[in-house]
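User: Hey, can you walk me through this one? I'm new to reading structures.
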Protein chains: 2
Amino acid sequence: MKFMNQLSIVKVGGKIVESLNLLQTFLKDFARISGFKILIHGGGTTATQIAEKLGIESQMVDGRRITDPETLKVVTMVYAGLVNKNIVAQLQAINLDAVGLTGADMNLMFAAKRPVGQVDYGWVGDIREVNAPALKYLLEQNYLPVLAPITHDGKGQLLNTNADTIACEIAKALAYDFNVRLIYCFEKKGVLHDEKDENSVIPNLNKEQFLQYKEDGIIHAGMIPKLDNAFGAIAAGVKEVIITRASDIHSGNGTYIK
Amino acid sequence: MKFMNQLSIVKVGGKIVESLNLLQTFLKDFARISGFKILIHGGGTTATQIAEKLGIESQMVDGRRITDPETLKVVTMVYAGLVNKNIVAQLQAINLDAVGLTGADMNLMFAAKRPVGQVDYGWVGDIREVNAPALKYLLEQNYLPVLAPITHDGKGQLLNTNADTIACEIAKALAYDFNVRLIYCFEKKGVLHDEKDENSVIPNLNKEQFLQYKEDGIIHAGMIPKLDNAFGAIAAGVKEVIITRASDIHSGNGTYIK
């Protein structure tokens, strides 16, 4: 059996990236994860707020932002600029040698504009290829990649890509070279058995159980694409997917998917 | 004598980074420069425009922006996000494997907040150390660093640093390992003998001539810090500094400083 190093890929978003205090606390916890690490972040509501101030209306369909040219500018500014560089500076302050990147940098994530179907998502990119050798290379040089949810099409066009999906695709692409653990930091404690009961976390979930829960209507709505992603990652060789609260990444609490 | 590779460090700003057409034309010229390359960009007037739209007043003293906390957010968004990532995507489109970075990334440029003197410049950073090994390393891996004029203080604080100064400091730091040529792309054809005559470019300038021109009042105002930087670079081992128009980088026109 090939020896493979441990790699934790952590996706964080929401309130954590909007509050300096929450971010600093989270990054200290994140720093304590042993082995290689990659951090992937969303932009929280900052992009929406900045867009509003600039007089750009944010259109959402099924929780996904419609990315018109003006919105693309805003998400590029907020995700790749403000949020990404603040995270990098905070990581440097605790001696983690972070490097903040988008999919255009080093051609890390090559994407295709989503075809117009029933919905025209605008400048949204679906990942076609992850540059695993470049990421592996950075990790081996002890850099900590911090990835913003912006990709490119190789023809000069930046694209907006969902951060959850990026985390999943990066995990899959690196599963050949590392023992990958994918951690989704979530606002809730994990996947809930009863939506109204914060403490009804399903501690372990396999594919069979997921399909059953889905059939029974226990797991639904926004959780389904997240879990489809998770099981897709497992099928591609990712060792474990964890859905938990940012404050719980060392606690063993949350939903563990294998 | 130690063999050293050729490295061209090009600083571009102003209108070039604000117009996609001008940028694409410039980047094609830039791509034709042989040897190793680093691109350093300013933000043009986009930061001022975005700040205005967000209701943030841009205060300038002697051509330098006063960086209050809100302005720092804007320059981080515009320089490190919008401008940097668009340049990177355009370079990838012409098969240059660019990586867009600030001083916080890989701890490339460590700076100290400028002390408050007669003017409080706010969150402005003066470079204390350039991480030459990290830049050298990227170059040797055939990556093209694209640097935004944002630095950090190592304690989590991002800082706004003049792009001309960054170009100069990077050139000095890499002069031990490369034959460095520093090219300042400028709105004018070069250093002018007569400000009112666009064609009165001084083709060659050495330190003695510079001091004489300065004494005679021929070179003054905004050109003086630029040339002080240039002669500082030469003194630190940079082989040549060229001040020229972006469209003239292959023409041999401009002011050549040795």
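User: What order do the strands of the open sheet in chain B come in?
Analyst: Keep in mind that this is a predicted model. In chain B, eight strands make up an open sheet, in the order 5-8-2-1-11-13-14-12, and the pairing is mixed.

User: OK, and which are the edge strands?
Analyst: Those are strand 5 (98-101) and strand 12 (204-205) of chain B, and each of them pairs on one side only.

User: Do strand 2 and strand 8 of chain B pair in the parallel or antiparallel sense?
Analyst: Parallel: strand 2 (residues 36-41) and strand 8 (residues 144-147) of chain B pair that way over two bridges. If you want a spot to look at, L39(B) has V146(B) in strand 8 of chain B as its bridge partner.

User: Switching to helices. At roughly what angle do helix 5 and helix 7 of chain B cross?
Analyst: Roughly 5°, with the axes of helix 5 (residues 163-174) and helix 7 (residues 223-235) of chain B coming within 9 Å. Angles under 35 degrees count as roughly parallel, so helix 5 and helix 7 of chain B are roughly parallel to each other.

User: Which residues make the contact?
Analyst: From helix 5 of chain B, D164(B), T165(B), C168(B), A171(B) and K172(B); from helix 7 of chain B, K226(B), N229(B), G232(B) and A233(B). By class, that contact has three nonpolar, three polar and three charged residues.

User: And chain A, how many helices and strands?
Analyst: Chain A has seven helices and 14 strands. Its radius of gyration is 18 Å, close to the 18 Å that the globule rule gives for 258 residues, so chain A is as compact as a globular protein of that length.

User: How much of chain A is buried?
Analyst: Buried residues are 49% of the 258 in chain A.

Note on methods: Residues numbered from 1 in each chain as written. Chains lettered and ligands numbered in written order. Predicted model: local features only at pLDDT ≥ 70, side-chain atom pairs only at ≥ 80, totals over all residues. Axes fitted to C-alpha atoms, helices over the stretch in contact; angles between N-to-C directions. Helix = DSSP H or I, 4+ residues; strand = E, 2+ residues; numbered from the N terminus. Parallel < 35°, antiparallel > 145°, perpendicular 65-115°, else oblique. Contact = placed C-beta atoms within 7 Å. Nonpolar A, V, L, I, M, F, W, Y, C, P; charged D, E, K, R; others polar. Rg over C-alpha atoms; globule rule 2.2 N^0.38 Å. Buried ≥ 20, exposed ≤ 12 C-beta atoms within 10 Å, placed from the backbone. Pairing = 2+ DSSP bridges.
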